[in-house]
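Here's my note on the model you asked me to look at. Keep the structure open beside you while you read.

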Amino acid sequence: MQCPRLFFYKTILGLRTPPSEATLRGTLAHYAFERIFDHPVGERGVDTALGYVDAAWKVVVDPLCERANVAPDSFESRLRDAEERYRESHTPGSPGEKRLLEEAESARALVPDDRLEGFLETARSVVRGWYSMENPEKFTPAERELYVRAEVGPATVHGFIDRFDAIPGACGTAHHYVSDYKGLALDTPLATPSGWTTMGRVKVGDLVIGTAGRPVRVTEKTPEQRLECFELVFDDHSRVTADAVHLWEVVAPVPGVYSTAEVSAMAQEANVYLPGCEPVRFDVANLAMPAREAGRLLGSREILSPFTPEYRTLLAVSRSSQEHRLELLTGLLEVSAPRFPDGVEVADEAVRDLVSEILVLAGLPVRAWVRDNGAFRTPLTLTEIERRASESDTIALRRLTSIRPTRSVTTACIGVDSPDHLYLAGRGLVPTHNTGKKPSPRFTDEAFFQLEVYALALAESRAVSTRQLRLIYTNEARKDGVLTRDVTPEILEKTREKIISVWDGIALADRAWHDANLRGDEAALEKAWVTKKQPLCDWCHFGPKHTNVCSAWNPSLAGMLPEEQELRLTSRPGGHVVDESASD
Ligand code: SF4
């Protein structure tokens, strides 16, 4: 509910937005999470759940398939049986049926046949991830896809709870849990003195690498969050995904420490530069052969086996000293020269990626690799290597070339004990700032707010007291991929107040819209449902990158939606339902 205009489009006008691959994947996985509990304990293995993924795809793309055409007792027939119950109200030619057919068409268009198997595999991996976090053999939910509805002050709230568990407590009373499945990852690579780790695995006390190329100790780590995320791409082709509140040290155009969201806004106006970093100083590793000789062999046009001494040397050099890196690159440059005088050439994709990593660790520029006649080529000169060896070269700043919203992932921040508060993140070793301020509660609270609304609805409509809310990040594939929040009377009271306050805002906007409509006041109509222009508009179905009908981006009234035109002069102020499922 961050953008009032988006609420107007989705909830008041009831406009549906087409699915994305992420929502489709979630739909398939949800079918598996739900239907696995139809099977008796002892028959709830992962293979059974995986069977529902392919079946769910068939149901999504062919929702009205004749039952006679489906093999009896197959996963698909079980799913269609269950779906039939939901679809009771969908009579032939009804709006419900039309919507199902539109969704099927969107899904087919989004995932064409040649990409289907790869897409289904990503949905299967979400299901496998869930099995490494929870074991459905050990519990049976009290309810699945539980519909709740309650009056909260002047508003009606309603929605579907993914899973409602009632676990018997010590004194005979049941403890209730409200769970929601999420599908995300926490995989930003971090360089350490002994190789790579990830933001998900790093712990307080571990060593990562600071901008001086030396180890710095992790002193704190924030809880994992699911926030709005951005992908940042730099002029050396390195990329990092960061959440909106992550901090960056900016050296130009306006030096200071800024959040990703602030950097995004700054980048709309000017080029943004981050500091460069010194070469990473790892200890000298034992090598299977001299680094320069390995470089010369790597530059031959042979595809390499990982068991050769030169390949093992390449791996060791990526964890070794600056001297070893520069020797290997020199050997590679020498042998590439007859074929490609201005850089290095390798035949193998794995070698290409490791050479890129060595260039980054050495503080040398990583330029685009071009595929030529089966080999991979990138520019590099001996002068650059020599200047880096003598350390007479200054470290280049990193220019941000693009920043855009991307798939939301679970993130965390760490604090380090380096004097400049910076550490290097991502395969491209991008300098990134210590966690210095708590992430905005707006982001974390939003994920839980929906569940708090459900807990309140359960309390109001069924006198059920919920003990805990659980966000299950199924892609995490780890026990700690489950975020929890205990429910207290204070939380429920705050939720009630928030719903009423949101409702008051909606009622005000709704009234202003209808009054303006009756007066025929176009300017006031436009202002009634406020637009909230933000980087995430790029993602919004109504924003500039999609239908471009939102007047924040398209001020022309010609962009007005047909549904909005129809609503004008035909409706009167009245109650609307706060539908959480439509606002997330
Ligand atoms: S494009 Fe932006 S301002 Fe317009 S409805 Fe979407 S989120 Fe709101």
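1. Ground rules first. This is a predicted model, where local features need pLDDT of at least 70 and side-chain atom pairs count only at pLDDT 80 or more, while totals for chains, interfaces and linings use all residues. Residues are numbered from 1 along each chain as its sequence is written.

2. Start with the inside. The largest nonpolar core has 61 residues. By "nonpolar core" I mean a set of buried Ala, Val, Leu, Ile, Met, Phe, Trp, Tyr and Cys residues joined through C-beta atoms within 7 Å. A residue is buried if 20 or more other C-beta atoms lie within 10 Å of its own, exposed if 12 or fewer, and partly exposed in between, with C-beta atoms placed from the backbone. The residues with the most contacts inside this core are L328, L329, I358, Y423 and L424. Helix α11 (residues 349-362) gives the core its largest share, seven residues. Helices (H or I, at least four residues) and strands (E, at least two) are DSSP runs, numbered from the N terminus.

3. Let's zoom in on L329. Setting aside residues up to four places away in sequence, L329 touches G295, I358, L380 and I385. Contact here has a cut-off: the two C-beta atoms, placed from the backbone, lie within 7 Å. There's also a second, separate core of 24 residues, with A32, I36, Y52 and V53 among them. As background, nonpolar side chains tend to be buried together in soluble globular proteins.

4. Now a sheet. Three strands make an open, antiparallel sheet in the order β14-β16-β15. Strands pair if DSSP finds at least two bridges between them. Because β14 (343-346) and β15 (370-372) are at the edges with a single partner strand each, one side of each has no neighbour in the sheet. From one strand to the next, the twist averages 30°; for such angles, axes are lines fitted to C-alpha atoms, for helices over the stretch in contact, and angles run from 0 to 180 degrees between N-to-C directions.

5. Which bridges hold β16 to its partners? Four join β14 to β16, and G343 is partnered with P379 in β16. Three join β15 to β16 (residues 375-379); here V370 is partnered with R377, and R371 with F376. The hairpin of β15 and β16 has two residues between the strands, and N373 takes a positive phi near 55° in it.

6. Another sheet has the order β6-β7-β19, also open and antiparallel, with three strands. Its edge strands, β6 (207-209) and β19 (414-416), each pair on one side only. The twist in this sheet averages 55° from one strand to the next. Three bridges link β6 with β7 (residues 215-221), and L207 stands opposite R217 in β7.

7. Is V272 buried or exposed? V272 is buried, with 25 other C-beta atoms within 10 Å. It sits in the loop between α7 (260-269) and β13 (273-274). Beyond its neighbours within four places in sequence, V272 contacts V250, P253, V263, M266, A267 and L400. V272 and L397 are 125 residues apart in sequence but 9.9 Å apart in space, C-alpha to C-alpha.

8. Last, the ligand. The residues around the ligand include C3, R5, K532, C537, F542 and G543; to count, a residue's C-beta atom, placed from the backbone, must lie within 6 Å of the molecule. The shell divides into seven nonpolar, two polar and three charged residues. Ala, Val, Leu, Ile, Met, Phe, Trp, Tyr, Cys and Pro count as nonpolar, Asp, Glu, Lys and Arg as charged, and the others, Gly among them, as polar.
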